[in-house]
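This briefing walks through one protein model, from its overall make-up to a few single residues. Please keep the sequence and the 3D view open while reading.

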Amino acid sequence: MSKHPHDEWSQVLFRQFKDAGVDLFTYIPDAGNARLAELAEEDNETRLVLLTTEEEGVAMAAGADLVGKKSVLMMQSSGVGNCPNYLSFSKGGNFPCLMMVSMRGDYGEQNPWQYPMGQAVDKILEAMGVAIFRVDRRDELEGAAQAAINAAFRNCQGAALILTQKFLGAKAF
């Protein structure tokens, strides 16, 4: 049986999220979050929720906070475009919102349709006051993840852990 190509770092990130108290993992399926979603589903102490659209995860993060829970929203970069209105609610209510965004439309992209949204991700998140923590190399993962966790749960703000295509590898198209 072959090992998932994102197994090592997904295990590390899952442990880091769980150690921070994250027990709700919401997601829109993507190759960049597939192994992390599997780990959340396999664990008896975490709950994995499949979303119909990305902004639902922002609302669920606020709901989780209202009952003293922590969540992470996992999505591909194209989904960031669905979230601004809900991010304004999250910011206005001072709710923490931790996101893990797997990038498309950057380094090595072969699908021209992915570039426009890939180039808009940072601008959208910055406009909504979301702190961005970018991971280009494996040795940046834990530090960036901890910074995003702290921004979200200690400072009650939006925080996006951006996993770039340099880190994830570009999809062949």
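What covers the buried residues of H2? The cover includes helix H1 (7–19), strand E1 (22–27), strand E2 (47–50), strand E3 (70–76) and strand E4 (97–102). The model is predicted.

**Overall make-up**

- The protein has seven helices and six strands.
- Along the sequence these elements follow the pattern α-β-α-β-α-β-α-β-α-β-α-β-α.
- The radius of gyration is 15 Å, close to the 16 Å that the globule rule gives for 173 residues, so the protein is as compact as a globular protein of that length.
- A box of roughly 40 × 40 × 30 Å, taken along the principal axes, is filled by the C-alpha atoms.
- Of the 173 residues, 53% are buried.
- The accessible surface of the protein is about 8,300 Å², and carbon and sulfur atoms account for 51% of that surface.
- Taking contacts between residues at least 6 apart in sequence, 75% join residues at least 24 apart.

**Helix H2 and Leu-39**

- Helix H2 spans residues 34–42, and its buried residues are Arg-35, Leu-36, Ala-37, Leu-39 and Ala-40.
- An α-helix has 3.6 residues a turn, so residues three or four places apart point the same way.
- Leu-39, which lies in helix H2, has a relative accessible area of 8%. Residues under 20% count as buried, so Leu-39 is buried.
- Leaving out residues up to four places away in sequence, Leu-39 touches Ser-10, Gln-11, Phe-14 and Thr-46.

**The largest pocket**

- The largest pocket has a volume of about 160 Å³.
- Its lining consists of 15 residues; those nearest the centre of the pocket are His-6, Ala-31, Leu-168, Gly-169 and Lys-171.
- By type, the lining of the largest pocket divides into five nonpolar, seven polar and three charged residues.

**The cavity**

- How many cavities of 30 Å³ or more does the structure hold? The structure holds one.
- The space in the largest cavity is about 30 Å³.
- The residues that line the largest cavity are Ala-61, Ala-64, Asp-65, Lys-69, Lys-70, Ser-71, Pro-96 and Phe-153.
- Helix H3 (54–66) and E3 each supply at least two residues of this lining. With three residues, H3 gives the most.
- The lining of the largest cavity has four nonpolar residues, one polar residue and three charged residues.

**Asp-106**

- Asp-106 is found in the loop between E4 and helix H5 (115–127).
- Is Asp-106 buried or exposed? Its relative accessible area is 18%. The limit for buried is under 20%, so Asp-106 is buried.
- Apart from neighbours within four places in sequence, Asp-106 is in contact with Tyr-115, Arg-134, Thr-164 and Gln-165.
- Asp-106 and Gln-119 are 13 residues apart in sequence, and their C-alpha atoms are 7.3 Å apart in space.
- Leu-39 and Asp-106 are 67 residues apart along the chain, with 27 Å between their C-alpha atoms.

**Two residues with positive phi**

- Asn-94 lies in the loop between helix H4 (84–92) and E4. Its phi is near 60 degrees, a positive value in a residue other than glycine.
- Asn-94 has a relative accessibility of 48%. Partly exposed is the class between buried, under 20%, and exposed, over 50%, so Asn-94 counts as partly exposed.
- Cys-156 sits in the loop between helix H6 (141–153) and strand E6 (158–163). Cys-156 is not a glycine, and its phi is positive, at about 50 degrees.
- At 27% relative accessibility, Cys-156 counts as partly exposed.

How values were computed: Residues are numbered from 1 along each chain as its sequence is written. This is a predicted model: local features need pLDDT of at least 70, side-chain atom pairs count only at pLDDT 80 or more; totals for chains, interfaces and linings use all residues. Side-chain values use heavy atoms; hydrogens and water are left out. On a 1 Å grid over the protein atoms alone, a cavity is a set of points where a 1.4 Å probe fits but cannot get out, and a pocket is an open set with protein on both sides within 12 Å along at least five of seven lines; lining residues have an atom within 4 Å of a point. Grid points are joined across faces, edges and corners, and a volume is the space filled by probe spheres set on the points. Ala, Val, Leu, Ile, Met, Phe, Trp, Tyr, Cys and Pro count as nonpolar, Asp, Glu, Lys and Arg as charged, and the others, Gly among them, as polar. Helices (H or I, at least four residues) and strands (E, at least two) are DSSP runs, numbered from the N terminus. The radius of gyration is taken over C-alpha atoms; the globule rule is 2.2 Å times the number of residues to the power 0.38. Buried means under 20% relative accessible area, exposed over 50%, partly exposed in between (1.4 Å probe, protein chains only). Contact means heavy atoms within 4.5 Å. Accessible areas come from the Shrake-Rupley method with a 1.4 Å probe; for residues, only the protein chains shown count as cover.
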